[in-house]
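Please open the model in your viewer and keep the selection tool at hand. The stops below go from the sheet to the ring pairs and end with the chain as a whole.

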Amino acid sequence: MQKIICKKVYDTDTSVLLKKITFGAYGSPEGWEESLYQTESGNFFLYTNGGPNSKYTKEDITRMSAEKKNAWLKANV
């Protein structure tokens, strides 16, 4: 997935996956995933996706500061 935020491109195909967490079984309506990525230029973003009954009903990309990235990693050890 690719998304442009504040004139910067965030792309799951060209960025490095740092960590991925999943909740529920694959294909479960309540299941979801969060994947932390780093772009070539050093920016961080969170890719989210889930089933129709999950907290992520559509795929999306959210940019993250280094502080938020560190907090997310600490919360998802």
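Begin by selecting the open sheet, in which 4 strands follow the order E3-E4-E5-E6 with antiparallel pairing; strands here are DSSP runs of E with at least two residues, helices are runs of H or I with at least four residues, both numbered from the N terminus, and two strands pair if DSSP finds at least two bridges between them. At the edges, where each strand pairs on one side only, you will find strand E3 (16–23) and strand E6 (60–64). From one strand to the next the twist averages 20°, with axes fitted as lines to C-alpha atoms and angles running from 0 to 180 degrees between N-to-C directions.

This is a predicted model, in which local features need pLDDT of at least 70 and side-chain atom pairs count only at pLDDT 80 or more, whereas totals for chains, interfaces and linings use all residues. Residues are numbered from 1 along each chain as its sequence is written, and side-chain values use heavy atoms, with hydrogens and water left out.

Next, select strand E5 (residues 44–50), which is joined to the antiparallel E6 by 5 bridges. Which residue in E6 stands opposite Phe 45? That residue is Arg 63.

Tyr 10 and Phe 45 are both buried, that is, under 20% relative accessible area with a 1.4 Å probe and protein chains only, where exposed means over 50% and partly exposed lies in between.

Now move to Trp 32 and Tyr 56, an edge-to-face aromatic pair with 5.8 Å from centre to centre and 75° between the planes. Trp 32 lies in strand E4 (residues 32–38) and Tyr 56 in the loop between E5 and E6, so the pair ties together parts 24 residues apart in sequence. Both of these residues, Trp 32 and Tyr 56, are buried.

Finally, display the whole protein chain, whose elements run β-β-β-β-β-β-α from the N terminus on.

Key
Phe/Tyr/Trp six-rings, centres within 6.5 Å; stacked < 30°, edge-to-face > 60°.
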